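Hi,

Here is the structure I promised to pass on. Have a look at it first, and then read my notes below.

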Amino acid sequence: MLLKFVTFYALVQGLNGFNTFLPNTTVPKSYSLCIAPNFENEDTSFVGLVQILIQTKNITSEVVLHSKDLNITSVNVTEVSTRQSVGLKELVYNKDNEQAKIVLYQSLPGNHEYMIAIRFDGLLRNDMTGFYKSSYNQSQTGTENFLAVTQFEATYARSAFPCYDEPHYKVPFNITVGVSDKQIALSNMPLSYKDHKDVCELTNGGKNLSWYHFQQTPPMSTYLVAFFVGEIASLKSSSKVNVYTRSDYLEQTQYALGIAPKLLEAMELFTGIKYKLPKLDLVALPDLGFGAMENLGMNTFRERLLLFPEDSTTQYKGAVTKTIQHELSHQWFGNLVTCDWWDYVWLNEGFATFFEYFATATVEPDWNLPEFFVVEQHQTALEYDQLARHSLSTDVFTPEEIDNSFDRITYNKGASVLRMLYSYVGKDVFKDSLKLYLTKHMGGSVNPKGLWDAFEETLSKRKQTLVKDQTVNEVMSTWTEQSGYPVVNVAKHKNVTKNQFVMTQERFTVDGFLGKCFTKWFIGVTITSDLKPTFDDLTAVFWLYPKDDFYIIKLPLETDKWFIVNLQSTGFYRVNYEEENWLALIEQLKNAPDVIHVLNRAHLVDDSFNLARAGRLNYTVPLELTNYLDKENDVIPWYSVMNSFNYILDRMRRSPLYFEFENYVSDKALIIFTKLERQVKQEQIKKYAINASFNTFSVWACSLNLQACVLPAIRYFQAWQKGEKIPDDQKHVAFCVGLKYHPDSDTWNQVFQVYLKTQSASERYSALNALACSQNVFLLMNYVELILKGPNGPIRPQDYRAVFNSLSSNQMGIKTLLYFLRDNWDRIRKELLNGDSVAETIYSILASKVSLDDEIILLNEIRSKPGIPSTLQKSFDFVYKQVIINQKWFDTYSNDINEFVKLDSSKDDPISPRTSAASPINSVGSLSTITCLTIIHLVVLFIYYN
Ligand code: BES
Ligand code: ZN
């Protein structure tokens, strides 16, 4: 942090003496904050007094802190030891840096303590940041109930009270909140006492508020401070965990109330460190900008990610449980030990995502969560990171850059890289290292080196190393400091003994992006083969070093037919083989797939499709590989299949032969749909993976218009219209199919009423999604136009993205969104809250979906509109690159796909793999990727291959 600060300071030290970072000439020691919202006037507002005990580091006559959109009414500075006040010369604001500078008449000597008392007021916000208001209708009284709550991560505490709003400043807070009749207040700590004395003199004696004085917090960052004011209730709890919601939904807290203490204990066991705070509140909010937020001791959630009505889907139960686990994990990773600066926020989010699966798995061992991790996190991270992205640790300065860095790299790749290390060092070393890391940095802030050093120390105590002669920091930095990831090309050495392999590594990309193609990583290789297929030992048998161009490896491993590298898909890399090995693997899959570990089956599917997409493998390989799927009884590889096919389906919409390909995919989808339908409906299996997947694959099968899926869904829907209940796990798809096949507005309105009135957040979400399934373009346009009614309309801003996503899942919806964005451009930008970011969201969703010429023309038209602000223009141009890449994909590969499908449909009994005729290495692709290797490289390889 210090180095970063110094370098950056030199770069951007402004003329006015302001800088993105606080100058660190003074530091906070503790805060006392009194704050009270006022709901009475039209312009709901708040008043506050913050008293910050600070210490001077150097001599200075200025105190700079963060403040945004606040009206500071008075500032008093007093020297603590003498109680003498220091005269205020002026208060200077810097809007760009969201800072206020208190300029004093006299210089303050270094290493002295001062008390800064600042009175301020502001408007309660309505953009779900800072101290914001929200409301809901209470069913009993029919009245609109208001509440006010905070969301401070990453840089919004400064809009609720002046503060040192950087994560490394960790100090205790004393918080007092004023509330009026009927309302209560919650905050990070339990209530200390409640009275009617306005000791902070915030209300001029005018109003009789109740003052909630909370116990002092442990040292903490400003972004984790939280308070809530409103009417809210909780059931009695027998643990530290309380679950709060509006009184109408109280019953729906039972599930969280039961599971959360177990999830908390799972974290205590995994880390070996107790949760020490006296309580932990989980608060369900009608409006929250994110899914959930980990404020110390007071986590906030969207209602649909905390409440669990009895009739919810299995998938929904998974989402609620993982979300709770995610936020609980942050109490250790983020709250107890905090990232120094937002560059390293993956230390917070990567761990929390990792524990969603690996801590929850200890509570729900039958849910197969470690396997779901691979398709939900690892493969989605690989997919995202194969275009130009930022590295895990990445330079961010402004609030906008910070917000944008909470992406799939930070979450999914962060978690996947941690899982990779977990597999290399094993559970015991991993746990011991985490315990050491947490203990050493408890209450403080860190950078990744702090984490890697804990691993180093743990390994060295056991006289072990991760990689010989290398520090853990050196090894892991290749994964966290560089963007992208490698593909490992493996071949059997032709001439020598059976057990020699030749390997090379290079950066894997799908967009022909050649910059930095010499990036190399420390890669732990795990390998097995047909003669003794064992997939359990995940420690590396060999390391590829970044300094080497190629590797000839002799391994204690005999192979007759095939071998596999990257066991259980633990390494964050793809693997490519020679044609012969791919064909042998396909044969094995077709004959007895279970010989290969389920995660490697998913990995072979995912790698082969993406290698083909990058031009490194002929599409005949992945397509032929999917012919084993009749025998695939596990759902996990099917997720990889579905995702891989969906990319191609989206692209092939512009092909005249689209329906042939869709038929081909439908045949596959029918296999998994029928299997799951039998297990769920006839065999009545109750198993998380089966029931949750039935939901997913029904949606897929019905979107492909498979009659086997559509007919029962319509029957359920029609029975529901007559008042019958739809089985929980089929409601989602039944609503969607119902509206797809009933284009009349009455039916649409019937589901819309569910959206408006249901008490169940799960059902509300299914309805919200289904409303986009209609094929009536007028209804779709009416639907998306509801957004223009703003925060007081029927769709809450937190749900906009869900509406856009659902619309983008079908062609009619894509058109609707395109016209909506083009024709309502000004209204979206001017009338909606954060209109530019709404436009940005729609645009980027569309960029990944458009395929037809008229869609692309419209998308281009939008980005060429006059007067687009430069940041928005930049973001449009950046995501538009995806359209060009996708078009290029179509031009290069659609013929291969069509050819394969044609041949496949003309063939009755697929006995021999089609790939034997053509080389699986695609000539176009190999040309574009070959440039990454030097000529010397090629010569050397040539010598060794021959
Ligand atoms: N700390 C985040 C919330 C957040 C994200 C705040 C970005 C500020 C900027 C929280 O822990 C989180 O990750 N929430 C997730 C839900 C989770 C289940 C993945 C979210 O909101 O998507
Ligand atoms: Zn998180």
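Helix α4 covers residues 346–358, and in this predicted model its 13 residues reach 17 Å from the first C-alpha to the last. That is close to the 18 Å expected at 1.5 Å a residue. The helix is also largely enclosed by the rest of the structure, because 13 of its 13 residues are buried.

The zinc ion (ligand 2) has three protein donors: H326 through NE2, H330 through NE2 and E349 through OE. They lie 1.9 to 2.1 Å from the zinc ion. Along the sequence, the spacing of these donor residues reads H-x3-H-x18-E. H330 belongs to helix α3 (residues 314–330) and E349 to helix α4, so this pair ties together parts that are 19 residues apart in sequence. Both H330 and E349 are buried.

One more residue for you to look at is L625, in helix α14 (residues 620–625). Is L625 buried or exposed? Its relative accessibility is 1%, so L625 counts as buried. Leaving aside residues up to four places away in sequence, L625 touches W582, I586, L589, L604, V605 and S608. F21, by contrast, is 604 residues from L625 along the chain, and the C-alpha atoms of the two are separated by 53 Å.

Best wishes

Definitions and conventions
Residues are numbered from 1 along each chain as its sequence is written. Chains are lettered from A and ligands numbered from 1 in the order in which they are written. This is a predicted model: local features need pLDDT of at least 70, side-chain atom pairs count only at pLDDT 80 or more; totals for chains, interfaces and linings use all residues. Side-chain values use heavy atoms; hydrogens and water are left out. Helices (H or I, at least four residues) and strands (E, at least two) are DSSP runs, numbered from the N terminus. The expected span of a helix is 1.5 Å times one less than its number of residues. Buried means under 20% relative accessible area, exposed over 50%, partly exposed in between (1.4 Å probe, protein chains only). Donors are N, O and S atoms within 2.8 Å of the metal (3.2 Å for Na, K and Ca); water is not among the atoms, so sites may look incomplete. Contact means heavy atoms within 4.5 Å.
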